[in-house]
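This report is meant for a reader who is meeting the structure for the first time. Please keep the sequence and the model in view while reading.

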There are 2 protein chains.
Amino acid sequence: MSPRPKVGLELIEILEAGAEIADQKGIQDVTLANLAKKLGIRPPSLYNHFDGLGGLRKELAIYGIERLYEVLAPAAIGVSGDEAVMMISKAYVNFVRKHPGIYEATLMAPDMEDEEVQIAGSKIVELTVRVLQAYKLEGDTALHAVRGLRSILHGFSSLEKSGGFKMALDLDESFEMIIQAYINGIRYQ
Amino acid sequence: MSPRPKVGLELIEILEAGAEIADQKGIQDVTLANLAKKLGIRPPSLYNHFDGLGGLRKELAIYGIERLYEVLAPAAIGVSGDEAVMMISKAYVNFVRKHPGIYEATLMAPDMEDEEVQIAGSKIVELTVRVLQAYKLEGDTALHAVRGLRSILHGFSSLEKSGGFKMALDLDESFEMIIQAYINGIRYQ
DNA sequence: TTGTTAAAACTAATACCGTTAGTTATAATT
DNA sequence: AATTATAACTAACGGTATTAGTTTTAACAA
């Protein structure tokens with residue numbers, strides 16, 4: 001009633017292999033064929049672990065969101081206010097710089113409304129809400145502010161990743177200035 | 001020395017057909033097979049107009065950036081300062097809401113460093129620079145500020161499009177508050 | 001008017017992908 | 001030692017982009 005396979009792959013190993021392909025060669029190279037080759041099995045065998053390519057994308061999205069959360073959470077420890085916002089913001093862009101493929105996978109779930117995906121994402125939202133509580137925003141303002149920070153972080157990261165910022169201008173300087181401007185704007189909302 | 005084909009498709013017609021597929025069924029349905037079917041020709045015939053799927057993506061990206069610029073440019077006419085920033089910002093998100101597929105195509109060029117793609121995008125950057133000149137930002141600050149506004153616009157739009165904002169909270173209210181906060185933050189930079 | 005030429009269509013074939021169906025081997029439990 | 005559930009496998013199908021080679025079309029030149 002509790003069997004064992006020839007190879008006995010665990011889902012986490014598969015996701016780590018997929019994440020490695022994504023970071024090294026880009027998310028478009030995360031195919032069932034490439035993944036199976038890396039794992040030393042045949043493509044159809046992967047269907048024992050998830051429901052096809054769509055299923056893989058969903059699992060990989062959750063995996064990526066959790067990895068991102070693990071980086072963000074410690075960044076906000078022991079600091080508060082502007083400093084806390086700046087710390088998690090820098091942690092966010094550094095994660096995308098280090099793991100562009102995993103971050104891309106984060107946004108490639110077939111259905112972002114999926115409950116498991118939402119649950120993983122809500123942890124990041126809640127973390128951001130806590131960090132922004134220092135500004136004592138009233139009512140829905142705090143939630144709007146969270147959306148704003150997420151927009152900046154995601155927008156900056158993905159534009160940087162895809163080469164959207166062409167000009168010879170220091171990216172870290174841009175980022176710090178942008179975050180600081182947004183913080184200042186929120187405080188006097 | 002100047003021939004004519006049976007059908008005589010022009011590149012612009014092909015791109016419009018591709019844009020229609022992208023907006024109606026999603027960018028993943030913009031395949032050479034679907035595009036050829038819609039145009040009433042065979043897939044290999046498309047190679048007479050662009051260099052394969054990669055070439056189509058590049059052309060479609062430029063097409064999309066130009067359509068976006070055409071919407072942004074008039075939005076900033078006759079207004080200045082905060083109002084101008086708010087106008088082009090709203091024009092941006094409304095474009096993405098109306099043409100999600102075309103906007104997605106904007107970011108799917110195989111090489112964002114490509115000169116033609118860069119030229120198309122630089123027009124939007126220059127437009128934004130002009131709008132932000134009202135704030136008399138000194139030195140590189142203006143360029144950093146442009147990056148910030150682009151980050152917000154792109155981040156908000158793509159998160160909204162992909163269902164990243166789950167909570168039952170008015171999206172337009174969020175957007176206006178975010179832009180206003182950023183503007184305020186920039187002014188007192 | 002006729003012949004040439006270049007563009008843009010076509011057919012045929014290949015390789016790769018995801019997917020399904022059905023089968024086999026493994027290893028823990030009974 | 002027999003059972004059983006898991007996870008591997010092979011084989012086959014349909015869809016995809018792509019290449020090679022061919023044919024049709026229509027403008028230009030003679």
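Ser157(B) lies in helix H7 of chain B, where helices (H or I, at least four residues) and strands (E, at least two) are DSSP runs, numbered from the N terminus. This is a predicted model, in which local features need pLDDT of at least 70 and side-chain atom pairs count only at pLDDT 80 or more, while totals for chains, interfaces and linings use all residues. Residues are numbered from 1 along each chain as its sequence is written, chains are lettered from A and ligands numbered from 1 in the order in which they are written, and side-chain values use heavy atoms, with hydrogens and water left out.

With a relative accessible area of 1%, Ser157(B) is buried; the term buried means under 20% relative accessible area, exposed means over 50%, and partly exposed lies in between (1.4 Å probe, protein chains only). A polar atom of the Ser157(B) side chain lies 2.8 Å from the backbone oxygen of Leu153(B). When residues up to four places away in sequence are not counted, Ser157(B) touches Tyr92(B), Val93(B) and Val96(B), contact being defined as heavy atoms within 4.5 Å.

## A methionine in helix H4

Met86(B) lies in helix H4 of chain B, which covers residues 81–98, and at 12% relative accessibility Met86(B) counts as buried. Leaving aside neighbours within four places in sequence, Met86(B) is in contact with Glu176(B), Ile179(B) and Gln180(B). Met86(B) and Arg187(B) are 101 residues apart along the chain, and their C-alpha atoms are separated by 14 Å.

## Salt bridges

Side chains of opposite charge can pair when their charged atoms come close. Over all chains the structure holds 18 salt bridges, a salt bridge being a side-chain nitrogen of Lys or Arg within 4 Å of a carboxyl oxygen of Asp or Glu. One of them joins Arg187(A) and Asp82(A), with the closest N and O atoms 2.5 Å apart. Arg187(A) lies in helix H8 (residues 171–187) of chain A and Asp82(A) in helix H4 (residues 81–98) of chain A, so this pair ties together parts that are 105 residues apart in sequence. Arg187(A) counts as partly exposed at 32% relative accessibility, and Asp82(A) likewise counts as partly exposed, at 24%.

Arg97(A) forms a salt bridge with Asp172(A), in which the closest N and O atoms are 2.9 Å apart. This pair too links distant parts of the chain, since Arg97(A) is in helix H4 of chain A and Asp172(A) in helix H8 of chain A, 75 residues apart. Arg97(A) is partly exposed at 33% relative accessibility, and Asp172(A) is partly exposed with a relative accessible area of 42%. In chain B, the side chains of Asp114(B) and Lys58(B) meet in a salt bridge of 3.2 Å, N to O. Here Asp114(B) is in the loop between helix H5 (100–106) and H6 of chain B, and Lys58(B) is in helix H3 (residues 52–75) of chain B, 56 residues apart. Lys58(B) counts as buried, at 18% relative accessibility. In chain A, salt bridges that share partners join Lys58(A), Asp114(A) and Glu116(A) into one network.

## Where the chains meet

The contact takes 38 residues from chain A and 38 residues from chain B. Between them the two chains bury about 3600 Å², 65% of it on carbon and sulfur atoms; buried area is the accessible area (1.4 Å probe) that two parts lose on being put together, summed over both. His144(B), Arg147(B) and Met177(B) supply 21% of the area that chain B buries against chain A, more than any other three residues.

Across this interface the rule finds 0 salt bridges. The elements that give two or more residues to the side of chain B that touches chain A are helix H6 (115–132), helix H7 (141–161) and helix H8 (171–187) of chain B, and the largest share, 14 residues, comes from H7(B).

## Chain A as a whole

Chain A has 8 helices and 0 strands, and its C-alpha trace spans about 60 × 45 × 30 Å along its principal axes. Of the 189 residues of chain A, 50% count as buried. Among contacts in chain A between residues at least 6 apart in sequence, 67% join residues at least 24 apart.

How values were computed
A polar contact is a pair of N or O atoms within 3.5 Å; within protein, one must be able to donate a hydrogen and the other to accept it, and residues adjacent in sequence count only if both atoms are side-chain atoms.
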